[in-house]
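I opened the notebook to look up how this chain is put together. The entries below follow the order in which I looked.

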Amino acid sequence: MKPVDMLSLDLRSLMTFVAVLDEGSVSRAAVRLGVTQSAVSHTLERLRQAFGDPLFVKSGRGIVPTDYAQRTGPHIRQLLDDLRTLPSGPPFEPGTADFTFTIAANDYQRDLLLPGLAHILRKQAPGIRLQVIPAGIPNPDMLRKDACDLIISPHAPETTDIMQRGLMSDRMVVYYDPEHRAAPADLASYLKADHIVLMFAPGERVGFESTLLAKGLERKNTVTVSNFSGLPEFLRGTDMLATAPERMSQHLMRDFAWVPLPFDYKPFTLLMLWHRRHQNDPAHRWVRNQVNSVAATMNGLNRQSINFIHTLHESRRR
């Protein structure tokens with residue numbers, strides 16, 4: 001067996017090895033680590049090259065560790081345990097912190113979550129300045145190159161150096177002006193209508209548009225805007241439709257009625273994404289926890305609020 005290529009190893013890779021060893025499954029290890037199955041598979045392939053051993057082989061419908069993996073496991077566990085006991089440095093004090101924290105988020109995520117974060121910062125950490133930049137369809141290089149500290153997006157890059165945490169779920173619904181048209185009754189009327197659509201940048205088709213194409217569905221895209229903030233004024237006073245997240249009915253789209261999509265389209269999860277080099281940074285972790293706290297509060301209140309708004313619009317239609 002060739003010598004271990006130490007330069008190919010990193011903490012996240014070793015944690016992935018232990019997770020697969022414990023779980024006996026790539027899919028269960030991915031759930032435990034909060035990453036995709038393909039990310040775990042890519043990491044295992046790099047580990048195989050570094051160790052010069054298959055590490056895990058198929059057995060029936062599952063996988064089993066090789067003899068080498070079983071012998072190596074206790075050593076890697078000990079190494080990870082030793083690293084966890086390293087001194088963590090001085091404690092983080094929000095009240096005296098002084099830095100700028102940059103978050104990439106499109107207007108939907110920005111307006112939904114970040115005012116609440118700004119309120120917390122002003123009260124608990126007035127020296128932390130919040131800077132918000134557009135995310136578009138995020139690229140992991142934004143985090144690798146320090147263009148931002150955090151991304152909030154439903155799009156998770158499949159790469160092992162980007163960490164993620166789910167914040168809240170949402171779904172796409174159909175908005176319309178109830179003073180100028182009725183809700184689309186079925187798929188045919190939805191496709192026949194004129195639509196206002198979203199494109200963050202030229203050539204940057206959002207996931208919803210790609211799904212329509214994959215289903216072979218074609219609608220009339222009459223107006224294209226570069227962000228969600230453009231939807232209300234184009235929709236107001238017309239018989240057009242706009243497909244956007246349901247949670248927007250609480251703020252940006254609160255003046256409009258909405259109905260569910262007339263075809264299957266799975267809900268999505270808003271994610272918080274950051275580079276793994278910041279995983280254990282106390283200041284970064286504190287800000288992440290505040291974002292998660294805002295999302296948790298909204299998750300508790302959101303369903304009741306949305307149901308009330310929907311009922312109100314239905315009453316107006318009658």
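Helices (H or I, at least four residues) and strands (E, at least two) are DSSP runs, numbered from the N terminus. The model is predicted: local features need pLDDT of at least 70, side-chain atom pairs count only at pLDDT 80 or more, and totals for chains, interfaces and linings use all residues. Residues are numbered from 1 along each chain as its sequence is written, and side-chain values use heavy atoms, with hydrogens and water left out.

**Entry: strands 8 and 10**

I looked up how strand 8 (residues 194-198) meets strand 10. They run parallel and are joined by 2 bridges. I found Leu241 of strand 10 as the bridge partner of His195.

Then I traced the sheet around them. It is open, has 5 strands in the order 9-8-10-7-11, and its pairing is mixed. Strand 9 (220-225) and strand 11 (257-260) are the edge strands, each pairing on one side only. From one strand to the next, the twist averages 35°. For such angles I noted that axes are lines fitted to C-alpha atoms, for helices over the stretch in contact, and that angles run from 0 to 180 degrees between N-to-C directions.

**Entry: Thr238**

I stayed by strand 10. Thr238 sits in the loop between helix 9 (231-235) and strand 10 (241-245). A polar atom of the Thr238 side chain lies 3.1 Å from the backbone nitrogen of Met240. Which residues does Thr238 contact, leaving aside its neighbours within four places in sequence? I found Asp177 and His180. Contact here means heavy atoms within 4.5 Å.

I turned to another open sheet, with 5 strands in the order 4-3-5-12-6 and mixed pairing. Its edge strands, each pairing on one side only, are strand 4 (128-133) and strand 6 (162-170). Neighbouring strands of this sheet are turned by 20° against each other on average, direction ignored. Helix 5 (residues 107-124) packs on the sheet and touches strand 3, strand 4, strand 5, strand 6 and strand 12 (268-275). The direction of helix 5 makes about 175° with that of strand 4.

I also checked one pair inside the sheet. Strand 3 (residues 99-105) and strand 5 (residues 150-153) pair in the parallel sense over 3 bridges. Ala105 stands opposite Ile152 in strand 5.

**Entry: a hairpin**

Strand 1 (residues 56-59) and strand 2 (residues 62-65) pair in the antiparallel sense over 4 bridges. Lys58 stands opposite Ile63 in strand 2. The hairpin has 2 residues between the strands, and Gly60 takes a positive phi near 65°.

**Entry: helices 1 and 3**

How do the axes of helix 1 (residues 11-23) and helix 3 (residues 37-51) cross? They come within 10 Å and cross at roughly 105°. The two helices are therefore roughly perpendicular to each other; angles of 65 to 115 degrees count as such. On the helix 1 side I listed Ser13, Leu14, Thr16, Phe17 and Val20, which meet residues of helix 3 including Val40, Leu44 and Phe51. The contact divides into 7 nonpolar, 3 polar and 1 charged residues. Ala, Val, Leu, Ile, Met, Phe, Trp, Tyr, Cys and Pro count as nonpolar, Asp, Glu, Lys and Arg as charged, and the others, Gly among them, as polar.

**Entry: Asp10**

Last, I looked at Asp10, in the segment before helix 1. A polar atom of the Asp10 side chain lies 3.1 Å from the backbone nitrogen of Arg12. Beyond neighbours within four places in sequence, Asp10 is in contact with Arg46 and Arg276.

Terms used
A polar contact is a pair of N or O atoms within 3.5 Å; within protein, one must be able to donate a hydrogen and the other to accept it, and residues adjacent in sequence count only if both atoms are side-chain atoms. Two strands pair if DSSP finds at least two bridges between them. Angles under 35 degrees count as roughly parallel, over 145 as roughly antiparallel, 65 to 115 as roughly perpendicular and the rest as oblique.
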